[in-house]
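Try each task before you read its solution.

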Amino acid sequence: MTEAPATTKQLHLATDAHVQYIQSLDTHKDELDYWLTEHLRLNGVYWGLTALHLLGHPDALPPDETLDFILSCQHESGGFGAAPGHDAHMLSTVSAVQILAMVDGFDELDRRGKGKAQVGKYIAQLQNRETGTFYGDEWGEEDTRFLYGALNALSLLGLTSLVDVERAVSYVASCANFDGGYGVRPGAESHSGQIFTCVAALAIAKRLDLVDQEKLGQWLSERQVPGGGLNGRPEKKEDVCYSWWVLSSLSIIGKIHWIDRDGLIQFILQSQDTEKGGIADRPGDMVDVWHTCFGAAGLSLLGYPSMEEVDPVYCMPKAVIKRVLG
Amino acid sequence: MTSHGHGIARATRPRTEEQRQADLDKIARYRTLEDDIRDRVSRQDYDQDTFSLTSKLLRQNPEYYTVWNIRRRCLTSGSSSKPWAMSSLSKGSSTFSATGTSHLASASSSPPSSTETPPSHNYPKTGMSGTTAETTEDRQMRDLEIIKSELVFTVPLLMEFPKCYWIWNYRLWTLGQAIVRLPTHVARKVWEEELGLVGKMLHRDRRNFHAWGYRRYVVDQLESAALAGQSMTESEFEYTTKMIRMDLSNFSAWHYRSQLIPRLLRERDADDQARQKFLDDELAFIRDGLNVGPEDQSLWFYHQFLASNIIDDACSQTIAPALSVDQRRSYIEREIDEIKDLLEDYTDVKWIYEALIQYTQSLSRLGQQAKPTELKDWLAQLKSLDPQRTGRWNDLEAQLYAA
Ligand SMILES: [Zn+2]
């Protein structure tokens, strides 16, 4: 459990503890939650691995084992499920592609898996060709998260040509609100998570000109609460993962200086468990790998010393993005 | 399972040996159930027992999306030999989405995994192998019963896990089945009851993001031709008024209101005079709110929405497109005066200064020069009241001096 320290001056990032925490995640098989969250296992590997990369310990999870596990989640269709025996879904497929990019595993995917092309095909067939948006799976849920995920993964695979990017872009544009933000579908209320997915999708499509950057920047900067943390929408509680959704969006539109950097760093550091490792949603709560990932990503984007630089569009190490995209 | 923290497993607090043992027993029971379901799926056994097992597992873990999918396959692997399942659909009708997108019909014929082929070929087709053919009415009765019982199944889960996406998805899919399978007036009733449920959810939690989004979706469907619907803009607009009167600080309700207005005026066939009257009423409504709660972001959001309708050039989306530039100017001047009045009671609310600067800037775009001293004072107030956003105020300052 994290204690709010009396003086915040001497707070620092407990890198070693966090690395150990992430390494220990697969050893909690005597806890019910380990089994109840199997539907997030592959996503969990992405969160853990991303955090490790940003903390400067990319090999703290054995890359071979990671690769084997990822390939064991792939279906004939090319899509990935969250774990062996789980149905394929856009979200786990995107995580799989991101992980493969981090462990430099695209060649292995071609050799031992169903191949890059098949993954691209799986993602492409989930596009609604009329509206441009994407489904999560064969059952037809639509969400701008899936659209972003599709462009993210396809661009890493070099296969964006398989989908109608122009139509996807106009769908995102139709989700824009008066306040400069974006919702989950046209007309839906602005929400930091959806703003990230929409702005990052437009960044991948090189269409940031469509964003009302002034208004969006204002809305995003108002997400910072007096304690330094950021919330997801007005009058809600601050949360470390929103540090990421809000901050990365601000970064993409070049307005990261519109919030108090030091206040946010302090908030994230206060949410750490400095002894056992991991970062929680806010100070005093129990840690989890999701907030550990987005807390680390937030700190990296804020330029916290001796961390690997994070790419705000992909939420992956900049060095990996550079290697993959050239 | 922890319903907070986005459904991610959190680190646990220390347990006693006894608690650990109890957890191990729970794990063993859970995994036995899971294995049982997986075995059945690998044998393509989408029968009533498998269906019941999915109920058992989903009550414990509604985040398990694959099990929701198995449940759907159990219900739609249609056959009259399965009176507890939905009837088989005639070829060409989409079973997947309420909007009937053609893409998904094709996805169904090539499921993403070879192990997940719909098992319909394992069952005799309707009317074959000795079973009596059902009449259309029989089939629809059966489907209605199943749709209703599926909706009932998800209610307690939604109450316990209101933020779990998969429950909402499954519910929407079930409702979509009503459109595909039932006569329009029957399907419409099912959807109308759904609107009642969303109302209850929003009564319990007025800011539930999912529930507001879901409400808009349900209304869209109720208005659609597939349900022989007509516009509900007036009643939904009234609904936002009601929700706002209960709680001024409801960003979701204000947002929805702003979305409804252009349609509302169009459908009312409002002439220029009616539109101006509407604008006056809305301004009075929001001003009443600001007078009691000027620290409330939701209210300023809506005020900005109205102001941008006055400032921006005429377009089909604006409330009162026929206003002359003079009228626009005097509207904004009056708002600025009203906001200045707020300063008499509230000197330390930064939103007031922000609005004053913003609207004064707009006035100069409408041809009215601002007093530099006033702007300078307001900016100084902003900087001292809101140091967190110093970078933004510096950018604003540079912008003001450049102009
Ligand atoms: Zn969070």
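**Exercise 1.** How many residue pairs are in polar contact between chain B and chain A?

Solution. This is a predicted model, and both residues of a pair must reach pLDDT 80 or more. Next, find the main contributor on chain B. Helix α1 (residues 17–42) of chain B gives the largest share of the side that touches chain A, with 9 residues. Then sort that side of chain B by class: 23 residues are nonpolar, 26 polar and 21 charged.

**Exercise 2.** Decide whether R207(B) and E189(A) form a salt bridge.

Solution. Start with the cut-off: the nitrogen and the carboxyl oxygen must lie within 4 Å. The closest N and O atoms of R207(B) and E189(A) are 3.6 Å apart. The pair therefore meets the distance rule and forms a salt bridge. Across the whole interface of chain B and chain A, the rule finds 11 salt bridges.

**Exercise 3.** Describe the size of the contact between chain B and chain A.

Solution. Count residues: 70 come from chain B and 77 from chain A. Now take the area. Interface size is often given as the accessible area lost when the parts come together. Here about 6,700 Å² is buried between the two chains. Carbon and sulfur atoms give 52% of that area.

**Exercise 4.** What is the secondary structure of chain B, and what share of its residues is buried?

Solution. Count the elements: chain B has 16 helices and 0 strands. Then check burial: 52% of the 403 residues of chain B count as buried.

Conventions:
Residues are numbered from 1 along each chain as its sequence is written. Chains are lettered from A and ligands numbered from 1 in the order in which they are written. This is a predicted model: local features need pLDDT of at least 70, side-chain atom pairs count only at pLDDT 80 or more; totals for chains, interfaces and linings use all residues. Side-chain values use heavy atoms; hydrogens and water are left out. Contact means heavy atoms within 4.5 Å. Buried area is the accessible area (1.4 Å probe) that two parts lose on being put together, summed over both. A salt bridge is a side-chain nitrogen of Lys or Arg within 4 Å of a carboxyl oxygen of Asp or Glu. A polar contact is a pair of N or O atoms within 3.5 Å; within protein, one must be able to donate a hydrogen and the other to accept it, and residues adjacent in sequence count only if both atoms are side-chain atoms. Helices (H or I, at least four residues) and strands (E, at least two) are DSSP runs, numbered from the N terminus. Ala, Val, Leu, Ile, Met, Phe, Trp, Tyr, Cys and Pro count as nonpolar, Asp, Glu, Lys and Arg as charged, and the others, Gly among them, as polar. Buried means under 20% relative accessible area, exposed over 50%, partly exposed in between (1.4 Å probe, protein chains only).
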